[in-house]
Amino acid sequence: MIIPPLPPTDDPDEIERRLEAMSLRYAIDTQRSIRRVTSAPVSDYLITRLIELSLQAPTGSFGQNWQFVVVRDQKSKQALGDQYKRAWKLYGSIGHKLADRSPDPAQMNKILKSVEWQIDNFASIPALIVACLEGGHGRVPFVPSPPIANSGHYGSIYPSVQNLLLGARAVGLGASLITLPLWSQMYARRLLGLPITVEPCAIVAVGWPIGHYGNKPRKPVQDVVHFERFRGAN
Ligand SMILES: Cc1cc2nc3c(=O)[nH]c(=O)nc-3n(C[C@H](O)[C@H](O)[C@H](O)COP(=O)(O)O)c2cc1C
C-alpha cells in the first residue's frame, strides 16, 4: 500500500479539514516513522495545533507535567544531530549486527538506512519537538524508584507523543519519534536551557515527507494477547 503525500500547508482551515477528514483507524493503520523529510517550513501555527492535540492525552495523577520545546535553530539542531551521531556509533553497530540475524534482514536494513539518512540530514529537519516532563510526580530525582513509579513517570509523556504522531499523520506531515539524540540529558538540558526539574524525554522530528505513508510490519495480535492469565503459566 503506497499513499501519495499531501501537499504542505499552513492554512488553519485546511489543517482542520485534514484533521477531521481522516478516520482514527486509518491514521493508526498508516502512521509510521517518516525520517526522510524536506526542508520546507512547518509553521508555528501547525506545530502548536498538534501540541494542543497532544495535551488531550492522559497523565499520571493528572499532573499535566509536560513541556514541549520546539527547536528550529540550525546550530541547536546540528548539536543534537552530533549527539545522535555519537550514540549511533554504538547503537548502529549493534543494530547492523542484529539486522543480519533478524527474521527480515531486508526490512531491518531499510530502517537502518532511513535512520542514517536522518542522522546525516538532522540540521535540515524543519522542527524538532522535544517532549519533556516537569517534576518527579512520586519519583525523587536521582534516587532509584520502584518500577511502577518509573512507569507512571515516563508513561505520562508517551500518550501525548502518540497523539502528536497521529495528528502529524492526519495533516500529512512526516514525523518520527526518536530518543538517541538525548542520550546525554545533561548536554540537552544545557543546550535547551532546561532547568534541572525539566527532563527531556523524546523528540518528535517533523517535516513534509519525501517518502510516503504505508503499511508496516507488525506481529499478529494472537501472538501478544492473553486473556485472564499469561499463556504458558499454570
Ligand atoms: C521509546 C522509543 C524510542 C525510539 N527511539 C528512536 C531513535 O532514537 N531513533 C529512531 O530512528 N527511531 C526511534 N524509535 C522508533 C522506532 O525505531 C520505530 O518505531 C520502529 O522502528 C518501528 O517503525 P515504525 O514507527 O515505522 O512503525 C523509537 C521508538 C520508541 C517507542
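Two notes on method come first. Residues are numbered from 1 along each chain, in the order its sequence is written. Since the model is predicted, local features need a pLDDT of at least 70 and side-chain atom pairs count only at pLDDT 80 or more, while totals for chains, interfaces and linings use all residues.

I start with helix α7. The labels come from DSSP runs, numbered from the N terminus: a helix is H or I with at least four residues, and a strand is E with at least two. Helix α7 covers residues 158-171, which is 14 residues. From its first C-alpha to its last it reaches 20 Å, close to the 20 Å expected at 1.5 Å a residue. The expected span is 1.5 Å times one less than the number of residues.

Which residues of α7 are buried? They are Ser160, Val161, Leu164, Leu165, Gly167, Ala168, Arg169, Ala170 and Val171. Buried means that 20 or more other C-beta atoms lie within 10 Å of the residue's own; exposed means 12 or fewer, partly exposed is in between, and the C-beta atoms are placed from the backbone. Just after α7 comes glycine 172, with a positive phi of about 95°.

Now the neighbours of α7. Helix α3, residues 44-54, has an axis that comes within 8 Å of the α7 axis, and the two cross at roughly 135°. That angle makes α3 oblique to α7. Axes here are lines fitted to C-alpha atoms, for helices over the stretch in contact, and angles run from 0 to 180 degrees between N-to-C directions. Under 35 degrees counts as roughly parallel, over 145 as roughly antiparallel, 65 to 115 as roughly perpendicular, and the rest as oblique.

On the α3 side, Leu46, Leu50, Ile51, Leu53 and Ser54 meet Ser160, Asn163, Leu164, Gly167, Ala168 and Val171 of α7. The residues of this contact divide into 7 nonpolar, 4 polar and no charged. For these classes, Ala, Val, Leu, Ile, Met, Phe, Trp, Tyr, Cys and Pro are nonpolar, Asp, Glu, Lys and Arg are charged, and the others, Gly among them, are polar. Contact means that the C-beta atoms of two residues, placed from the backbone, lie within 7 Å.

Helix α1, residues 12-21, also packs on α7, at an angle of about 110° and with the axes 8 Å apart. This makes α1 roughly perpendicular to α7. Ile15, Arg18 and Leu19 of α1 make the contact with Gly167, Ala170 and Val171 of α7. By class, that contact has 4 nonpolar residues, 1 polar and 1 charged.

Next, the pair α4 and α5. Helix α5 is residues 105-120, and its axis comes within 11 Å of the α4 axis, crossing at roughly 170°. The two helices are therefore roughly antiparallel to each other. From α4 the contact uses Gly81, Tyr84, Lys85, Trp88, Gly95, His96, Ala99 and Asp100; from α5 it uses Pro105, Met108, Asn109, Leu112 and Ile119. The count by class is 7 nonpolar, 4 polar and 2 charged.

Leucine 80 is in α4, residues 74-101. It counts as buried because it has 27 C-beta neighbours inside 10 Å. Apart from neighbours within four places in sequence, leucine 80 is in contact with Phe122, Leu128 and Pro181. Asparagine 109 is in α5, and its 15 C-beta neighbours inside 10 Å make it partly exposed. Asparagine 109 and lysine 219 are 110 residues apart in sequence, and their C-alpha atoms are 18 Å apart in space.

Last, some loops. Is serine 61 buried or exposed? Serine 61 counts as exposed, because it has 10 C-beta neighbours inside 10 Å. It lies in the loop between α3 and β2 (66-71), and has a positive phi of about 55° although it is not a glycine. Phenylalanine 62 lies in the loop between α3 and β2 and has a positive phi near 50°. With 8 C-beta neighbours inside 10 Å, phenylalanine 62 counts as exposed.

Proline 126 lies in the loop between α5 and β3 (127-134). With 21 C-beta neighbours inside 10 Å, proline 126 counts as buried. Leaving aside residues within four places in sequence, its contacts are Ser39, Ala40, Pro41, Val42, Arg72, Val206 and Gly207.
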